[in-house]
Structures are given as structure tokens and as C-alpha cells.
Amino acid sequence: MPSYKDGRVSLADLAPVHVPGYRLLFTEKQDYLRKLGTLDEANASDPQLLVPNYIASQALCLTTASYYTVCCPSRCDDIVAKLERAATAQSVTPQQITDVLAEGGAGHALTEVERSALDALSV
């Protein structure tokens, strides 16, 4: 079974998906994914889709004309911007991230599981 823990999915594991009433997903060609910055080709024999990059990319926008594209705003953009503004050094501690997220505006108190995952990243 493939592992998806690092936010990557092998292109070999992807297949176009269609749900009635919605547009077809995962139909992009490898060249287009590369242009979007959503492709990791470190292992040429197993290119990987970078899921966070894909979700934030133009691939999920609706192209209504050759000059007009409609994209939904990401609910995470404001939180990421707040974290980036608060990070005044090259690295921050898990506690600094927790404090920023708990402040008004972001309004997200981390669960114990999230806090443990964050602490594990700082090792």
C-alpha cells in the first residue's frame, strides 16, 4: 500500500476522478503539473504530486475564458500569512507557532495530537 504521510502521491497512484455535477479532477499532464510547481521529480522513475502545492495551484481553478480564471480563496491563506509575519527569524519554536495560532484572528487552538506532531517536527 502506498504511503501518503509526507504530502506526496505517486502519479502512478492517481486516476482521473469525476463526480456527477462536478468537473473532472486529476487530468493534468505531467508537463503542466511541472509548470505549476506541483511535481517532485527527484526520483525520475516515480514522479510525485506535491499535494499541498496542487491544492493551492491553478489546477483547481475554473478557467471560464482564455483570459479569465476563477479561483476560490483558501481558508488557510490568512493563517499562513499571519504565521509568516510572526516568524521574524529563520526558524521558530513550536510554542511560538502555538501562540500565533491561538491569538485572535487565527483563532485555532491546537489539539494535543496537533501539538505533538508540531513538537515532533522541531526535533
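**View 1. A disulfide joins Cys61 to Cys71 in this predicted model.** The S to S distance is 1.8 Å; a disulfide here is a pair of cysteine sulfur atoms within 2.5 Å. By this rule the count comes to one disulfide. The link of Cys61 and Cys71 is right-handed, with 110° about the S-S bond. Cys61 lies in the loop between helix 2 (51-55) and strand 4 (62-65), and Cys71 in the loop between strand 5 (68-70) and helix 3 (77-86), so the pair ties together parts that are 10 residues apart in sequence. Helices (H or I, at least four residues) and strands (E, at least two) are DSSP runs, numbered from the N terminus.

The model is predicted: local features need pLDDT of at least 70, side-chain atom pairs count only at pLDDT 80 or more, and totals for chains, interfaces and linings use all residues. Residues are numbered from 1 along each chain as its sequence is written, and side-chain values use heavy atoms, leaving out hydrogens and water.

View 2. Buried means under 20% relative accessible area, exposed over 50%, partly exposed in between (1.4 Å probe, protein chains only).

**View 3. Leu62, Tyr67, Tyr68 and Val70 form a nonpolar patch on the surface.** Together they have about 460 Å² of accessible area, by the Shrake-Rupley method with a 1.4 Å probe, where only the protein chains shown count as cover. Like charges are joined within 9 Å, nonpolar side chains (Val, Leu, Ile, Met, Phe, Trp, Tyr) within 5 Å. Leu62 lies in strand 4 and is partly exposed, at 44%.

Notes. Patches are made of residues with over 30% relative accessible area and no salt bridge: like charges are joined within 9 Å, nonpolar side chains (Val, Leu, Ile, Met, Phe, Trp, Tyr) within 5 Å. A salt bridge is a side-chain nitrogen of Lys or Arg within 4 Å of a carboxyl oxygen of Asp or Glu.
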